[in-house]
Structures are given as structure tokens and as C-alpha cells.
Amino acid sequence: MDGRQSSELAVRYAVGLMSGTSVDGIDAAVVKITGEPGTRPEVSLLAFENTPYPAQVRDEIFALFDVKTATLNRVGRLNMWLGELFAEAALSAITKAGLSPTDIAHIGSHGQTLYHSPVDEMIGGYALRYTVQVGEGSVIAARTGITCVSDFRPADMAVGGQGAPLVPFTEYLLYGEKERTLLLQNIGGIGNMTVLPAGGTAEEVFALDTGPGNMLIDGLVVHWSGGESKMDVGGALASRGQPDEQLLDLLMQEPYYNQSPPKSTGRELFGSAYIERLLGYQQELGLSNKDLIATVTKLTARSIAEAYRCYVMERYPTDLLIVGGGGSYNPVLIGYLQQELEPLGVQVLTQEQLGHNSDAKEAMAFALLADYTMARQPNNLCAVTGAKRPAVMGKVSYPL
């Protein structure tokens with residue numbers, strides 16, 4: 001049965017697929033959606049899997065982050081290659097949920113971002129913003145036999161938005177409360193904050209990328225280990241170091257932090273060139289590896305707190321920030337966040353402490369975003385992305 005053909009049904013199953021800036025692998029979430037789009041549907045998680053990338057694939061993704069090596073043939077090949085891997089991840093998660101592909105109404109796939117340029121660039125008299133996500137939706141649809149919605153960002157950019165962040169739309173639907181303002185902080189490769197004002201409308205929700213999440217931490221660990229380690233597991237390195245306040249103050253002078261929302265960032269700013277700068281500062285200041293890791297870990301926490309102080313606190317003071325994403329598993333980072341925010345009266349809790357799943361949250365979001373696409377309902381938040389009008393995001397690939 002095609003769940004989308006029976007649009008009158010209030011219950012349907014969907015799959016969300018996500019690969020973030022940390023390039024940890026493919027997150028696949030199978031969800032049950034109850035309620036029609038536009039009516040705040042309920043979403044429950046049935047199964048979740050993370051499929052790590054093979055080393056060859058991960059190396060290719062990182063190579064194509066560099067515009068000097070991102071040739072057309074390599075980008076095109078990776079687009080199809082990831083489509084195959086995303087399809088396999090979806091089918092595996094569906095099996096884990098005890099369902100079959102014929103039970104699934106649709107798949108929503110974010111894909112893997114290779115490049116994101118959200119600021120106007122004047123070319124031939126046109127103000128252009130552009131973005132590149134790979135993981136071909138038509139391959140996913142062909143291999144699974146399920147309609148796939150992919151490539152969400154360009155539709156928002158076409159109406160003047162930054163094409164990011166996209167998850168706040170679903171956070172508004174699933175987390176908003178009448179009596180309490182909530183802050184939802186995702187810490188993936190990049191950190192992003194969503195502000196859900198108490199009893200607020202969709203137009204009142206706003207969000208921003210706060211700066212680096214795990215990206216700098218991961219980048220340094222990969223550099224020092226020669227690629228053998230991918231992250232500071234459990235904050236083990238940072239726990240044995242001391243943040244250098246002089247360097248931290250210098251890093252907080254990054255102009256991005258003073259840029260007013262809407263704003264988004266990524267590997268273009270906090271990628272390999274930034275890592276090289278950090279290594280230069282390390283040599284200049286005579287810092288140990290552990291002290292530098294502790295410093296950039298605290299930088300993530302301080303940039304989040306600074307975003308709250310500058311752009312949220314006066315408008316929507318709150319007493320709770322809920323942390324999700326890979327950074328929520330780093331107790332040193334969570335401890336630094338508590339040090340920064342609790343003096344401001346903001347308690348810091350993780351998604352798990354509230355009974356949710358940090359790993360699955362963004363994949364679940366793309367299942368719900370795709371649900372709105374299939375219903376031809378707008379699924380961007382103009383106040384978040386800066387778009388001039390609502391848009392139906394996502395390109396639809398049919399299996400037949």
C-alpha cells in the first residue's frame with residue numbers, strides 16, 4: 001500500500017536519513033507519524049541505526065570538501081555512490097523496525113553536504129547563494145522501491161533564505177510548549193541553537209548556527225593520530241588538559257560570532273584551514289595537545305553561551321537548554337556548558353536525560369520534513385533561514 005496515495009490516513013511510516021558535518025556515517029531512523037501535515041503530527045521512533053562509512057568513502061568525502069580536488073567527475077561519482085549506501089542504510093533500518101519497504105510511505109534524505117555558501121555572491125547581475133548535497137535520491141528510490149525526498153536546501157535559497165538550519169521546523173512541531181521557552185542545542189560538527197518561545201507561533205521561532213560543535217575537536221584528533229582516531233571519545237583528552245584563556249579570548253574574536261541572525265556556517269569557515277591556524281597558535285603558545293583540545297572544547301561551549309547572551313536572553317529568557325547530537329556524549333563539553341550557562345540561570349540537560357534519542361533526532365526530522373513535502377505543505381521557517389516567503393523544500397524521486 002502506498003501511504004501517500006492514502007493521504008486520508010492519519011498514520012504512516014517513514015524513514016529519515018542524515019549524514020552531518022562530522023562525517024561519522026549514515027543515520028537512519030524509521031518513524032511512525034500520526035496526524036496530518038499542518039496539524040502538529042506526533043512522531044515516534046521505531047528503529048535507529050548508524051552505519052559508519054567505509055574508510056575509502058570517508059576519505060573521498062573529506063577530499064571533496066576541498067574545492068581544489070572536488071572535480072566534477074569525483075562529485076558526480078560520489079553522489080551516486082552515496083545514493084547506494086543511503087539506500088542500504090534505509091533498508092537495514094526498515095528490517096530492524098520489523099517492517100518491509102512496502103510499509104513505508106516515503107524516505108526523507110538530507111544527504112552529505114560538500115559545500116554550502118549561504119551569503120549572496122553577485123554574478124552576472126544575480127545575487128546567488130548555492131549549496132551542494134550528495135547522495136542521489138533517485139538511486140535511493142530505485143534501490144528501495146520507496147519514494148524519496150532529497151536535496152532540501154535549494155528551495156529555501158531560491159526564495160532568499162540561507163538553506164539552513166532546517167531542523168528547527170520540526171523542533172517547533174515536536175517540542176514547543178505553551179508555558180516555557182526552550183532552547184534546543186544540537187552539537188554535531190557545527191553547533192546550532194533553536195529558540196522556541198513559550199506559546200509562540202512558527203513565525204516567532206528563530207535559530208542560528210552558534211559556531212563550531214565537534215568539528216575542531218575532531219579535526220585536531222584526526223591530525224594528531226594520523227587518521228587512526230576520529231574524535232575525543234568521552235572528552236578523554238580534554239579532561240586531562242586546561243583551557244588556555246588567552247587563546248580562547250583570541251578565538252572568540254572570530255567575526256562570525258558577532259554576525260546577527262539569521263546566520264549559518266560550516267566547514268568552509270571551521271575546516272582544515274582553521275585547524276592549521278590552531279596548530280600555529282599551539283606552537284606559538286607552547287600548548288600541549290591536551291590543553292589545545294580543552295581550549296577548543298571550551299570554545300564550543302562559550303560560543304553557545306555567547307549566542308544566548310547576545311541574541312536570545314533579552315528577548316526570550318529561559319531556564320532550560322536541551323543538548324543533542326554527538327557533543328551531548330562529551331561530559332567535558334557538557335560541563336563547560338554548565339559552567340557558562342548556569343550562572344545565567346539556564347539549566348543544561350541532554351536529550352537522553354529527557355527520554356529522547358540524540359543520535360536519531362536529525363534523521364527523524366528529515367522523515368517529517370519529507371512528510372510535508374509529499375503533502376505539498378511549506379516546511380521552512382522564514383524567521384530562521386531568512387527566506388522571503390514559505391517554500392516546499394525537497395526534490396521528489398519516484399521508484400516507478
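Reader: How confident is the predictor, by mean pLDDT, in the protein chain?
Author: This is a predicted model, in which local features need pLDDT of at least 70, side-chain atom pairs count only at pLDDT 80 or more, and totals for chains, interfaces and linings use all residues. Residues are numbered from 1 along each chain as its sequence is written, and side-chain values use heavy atoms, with hydrogens and water left out. pLDDT is the predictor's confidence in each residue, from 0 to 100. Here 98% of the residues reach 70 or more, and the mean pLDDT is 94.

Reader: How are α5 and α13 oriented to each other?
Author: Helices (H or I, at least four residues) and strands (E, at least two) are DSSP runs, numbered from the N terminus. Axes are lines fitted to C-alpha atoms, for helices over the stretch in contact (heavy atoms within 4.5 Å), and angles run from 0 to 180 degrees between N-to-C directions. The axes of α5 (residues 168-175) and α13 (residues 361-374) are 9 Å apart, at an angle of about 95°. Angles under 35 degrees count as roughly parallel, over 145 as roughly antiparallel, 65 to 115 as roughly perpendicular and the rest as oblique, so α5 and α13 are roughly perpendicular.

Reader: Which residue of β5 is the bridge partner of Ser 117?
Author: Two strands pair if DSSP finds at least two bridges between them. Within β5, the partner of Ser 117 is Tyr 130.

Reader: Which strands are the edges of the open five-strand sheet?
Author: The order is β9-β8-β7-β10-β11, with mixed pairing. Each edge strand pairs on one side only, and these are β9 and β11.
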